[in-house]
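Let's take a walk through this structure together, one region at a time. Please have the sequence and the 3D view open as you read.

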Amino acid sequence: MKSRIKYDVMTKDELNHMKSRMEELLIKRGIHLDHDEMLTELSELGCIVDMETKQLKFTKELIDKAVASVPKEFTLYSPSGKRDLKFPHPEGKFYVRTNTGAPNYMTVDGETHFTKISEVNEWYHIANQMENVDYFTLPSTSGEEVPGDAVDVYTLERALNLAEKHIWLQPYEGENVKYLIDMAAASVGGLDKLRERPIVSFIACSVSCLNYKRMDAEILYRCAKAGLPVQPCSLPTAGANTPVTAQGTAFMAASEVFAMIVMLQLLSPGLPVIATTLLFSMDMMTTYTLQSNTEITMARLICMQLFEQGYNIRAHSYGTGTDSLAIDEQNMIERTSLIHSMAMSDASVLGGAGQLETAKTISPIQLIIDNEIFGIAQRLRAGLEINDDYLGWNEIMDGVDTNPGFIMSDHTMKHFEESHRPDMFNRGGLSKWEENGSKTLQESAVEKYHKLIKNPATYSLDPEKSAAVKEVLKKAHKALVKEQ
Amino acid sequence: MSILNEISELVIEGNIEGTKAKVELAVEQGIGAVSILDEGLMPGINEIGERFAKFEIFVPNVLMSAKAMNISVEVIQPLLTASGAKPIGTAVIGTVKGDLHDIGKNLVALMMKSSGLEVIDLGSDIGADKYIEAIEKYEPDVIGLSALLTTTMNEQGRIIKAIEEKGLRDKIKIMVGGAPVTQAWADKIGADAFTADAADAARWAKNYVVNK
């Protein structure tokens, strides 16, 4: 199966215009990078650097060199070894990840509060069992149960012990990055092994327009040095810190991500990277930041086409999400409308599984529902192949419809399991539905949650390695936590 | 229509040059600076505030009106100072350490200024030391801590704690805001107020300084 249906939102001329302007921007205006070591090294590699103002400009030759060194194929590995992710997806699908950066957790009972470390355990236990979710982020645990200075290292410790799928890491402080890398390395037996089979990749974010603060520059630098994959990310807000137009925001987000990719490739040629543009817009009446603005969905399509087609660089954006605070009609309209567009984009990764409230809340119930939605979206991405076998040509010509009928025909037996069948959707008619308690989708998801939560863990880290991870956690705590 | 009413209307229209020119004309005509402010500029910006609160106008409209107001206040500021008129209060605001996002903070500054407050804008990436220095220097009524990121919102708590440890907590009210910030978070870290947007922030600060 290869992806067959694609939305090209830009013409070839428009795509080339975007590429040309993006490169011109990095060559003429450049970026602001708050990292002296990185500036020094990039200067030695040929970038035009002003150490005093921390401004950096690229040359066309460096950009071309960097783009040429981006690996076209690579693998993000999973702790369990069962869900390794080959890029590009061998079947033309996209990979799905959970939401990142949400401070709030909506429980199965519908109560929303700051995410607790105990809920991280629940989250991974459920997420491990979601067949359409391919990798995980770290829930943004609050500082209520673990030290606020080190929530990322504490949460990663849980992830490494419990998560069977690849982990995408958001550090919370520059000085934490080293410990996050050390901890991931401890879970696989050392940094060389981690580099060989990276079970984690990192997030580094720009600040629009074209600023890279110390912490994120440190992530880029450390990952380049350690040889660990990065999914460099831009999260602009149209009308606030980027142009109000979707096109202008797509352009700036793509430029910021592109600059990070160029820097990473110059520092560490061949480093796996995934261009991650997570776009937002500001509501011009309420000033609220929105994820589900329709134009911004199209802007995401622009970014996906720009990187995947324009540079043959794997691209990543939101595939689901909502600005609604509840699992309600607005939520479902926004997230299904978004995923249907994004499934038809060139994206290699689509994210946001389980999120509500403009990515500020995660919900295991929403995650269970998203698992179904992504299943549908993958089927849409696959498209339909036309040939005599799929047409059922032979059986039609042989008059199978009269004897024995299609329900028992060889063609049916061959293909009937190919259809996607969401297991929580009503497929049985009114009487069956009433007989089973007249459940809504949300109620079915709650029921499924209670079944899943009782299942035994599908993965746990080897005790010896778990102890090694704990040792790094202790060191990190000592070094990072200011109030012991 | 009196010239003061015309000034109000120009503020409502967001006509920056027109408002400034009309204020200059009013000064030439000998109208007192306090009257220009209280009967011309303020009614205009208050009307804009009400329309914005009712979702009748967009943010860029508000900002244009606020700019018209602030530029015009600069015209009459020497006269206001000479007459002994003072701002209704002082606010020190900034985006917390580790965070460079300043759009929300800038909106708050603009709207607070339009509400009659003097605003000391510390900028972005501001740690506790700079807040403490500003509190000691400017003796503000309120301080505002903005954070856009879940990775930086913890800094709001650290700054509040540092202000407490310095013995300055009772002298000020502390407001927090930003995309991930909630009332529950404000309660948890001991802030006095959480406001969801810039207009609410300006309203809360004005209400506090007027009634304290």
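In chain A, 43 Å separate the C-alpha centres of domain 1 and domain 2. Keep in mind as you look around that this is a predicted model. Chain A is divided into three domains: domain 1 covers 68-382, domain 2 covers 388-417 and domain 3 covers 422-454.

Let's turn to the sheets of chain A. One of them is an open sheet of four strands, with mixed pairing and the order E8-E7-E21-E20. Strand E8 (112-114) and strand E20 (355-356) of chain A stand at its edges, and each has a single partner strand, so one side of each has no neighbour in the sheet. Further in, strand E7 (residues 104-106) and strand E21 (residues 361-362) of chain A pair in the parallel sense, over two bridges. To find this pairing in your viewer, look for A:Tyr105, which stands opposite A:Ile362 in E21 of chain A.

While you are there, follow the loop between E20 and E21 of chain A, where A:Ala359 is found. A:Ala359 is not a glycine, and yet its phi is positive, at about 70 degrees.

Another open sheet of chain A is built from three strands in the order E14-E16-E17, again with mixed pairing. Its edge strands are strand E14 (237-238) and strand E17 (289-290) of chain A, each pairing on one side only. How do strand E16 (residues 280-282) and E17 of chain A pair? They run in the antiparallel sense, with two bridges between them. Here A:Met282 has A:Thr289, in E17 of chain A, as its bridge partner. As a reminder, strands of a sheet pair through backbone hydrogen bonds, either parallel or antiparallel.

Two peptide bonds in chain A deserve a stop as well. The bond from A:Ser208 to A:Cys209 is cis, with omega near 5 degrees. A:Cys209 lies in the loop between strand E11 (200-205) and strand E12 (211-212) of chain A. A cis peptide bond also joins A:Asn403 and A:Pro404, where omega is about 5 degrees. For A:Pro404, look in the loop between helix H14 (393-397) and helix H15 (410-415) of chain A.

Next come the salt bridges, of which the count over all chains is 34. In one of them, the side chains of A:Asp34 and A:Lys54 meet at 3.9 Å, N to O. A:Asp34 is in the loop between strand E1 (31-33) and helix H2 (36-44) of chain A, while A:Lys54 is in the loop between strand E2 (48-50) and strand E3 (55-57) of chain A, so this pair ties together parts that are 20 residues apart in sequence.

Now move over to chain B, which is divided into domain 1 (3-82) and domain 2 (89-211). The C-alpha centres of these two domains of chain B lie 26 Å apart. Their contact takes twelve residues from domain 1 of chain B and nine residues from domain 2 of chain B. About 750 Å² is buried between the two domains of chain B, and carbon and sulfur atoms give 70% of that area. On the side of domain 1 of chain B, the residues that lose the most area to domain 2 are B:Phe52, B:Leu63 and B:Asn70, which together account for 46% of what that side buries.

Finally, let's see how the two chains meet. Chain B gives 25 residues to the contact and chain A gives 23 residues. Between them, chain B and chain A bury about 2200 Å², with 65% of it on carbon and sulfur atoms. The count between chain B and chain A is two salt bridges. One of these brings together the side chains of B:Arg158 and A:Asp149, at 3.0 Å, N to O. Four residue pairs are in polar contact across the interface of chain B and chain A, both residues being at pLDDT 80 or more. On the side of chain B that touches chain A, H4, helix H5 (103-114), helix H7 (153-165) and helix H8 (183-189) of chain B each give two or more residues. By class, this side of chain B has 14 nonpolar, six polar and five charged residues.

Note on methods: Residues are numbered from 1 along each chain as its sequence is written. Chains are lettered from A and ligands numbered from 1 in the order in which they are written. Side-chain values use heavy atoms; hydrogens and water are left out. Domain bounds come from an automatic or database domain assignment. Contact means heavy atoms within 4.5 Å. Buried area is the accessible area (1.4 Å probe) that two parts lose on being put together, summed over both. Two strands pair if DSSP finds at least two bridges between them. A salt bridge is a side-chain nitrogen of Lys or Arg within 4 Å of a carboxyl oxygen of Asp or Glu. A polar contact is a pair of N or O atoms within 3.5 Å; within protein, one must be able to donate a hydrogen and the other to accept it, and residues adjacent in sequence count only if both atoms are side-chain atoms. Ala, Val, Leu, Ile, Met, Phe, Trp, Tyr, Cys and Pro count as nonpolar, Asp, Glu, Lys and Arg as charged, and the others, Gly among them, as polar.
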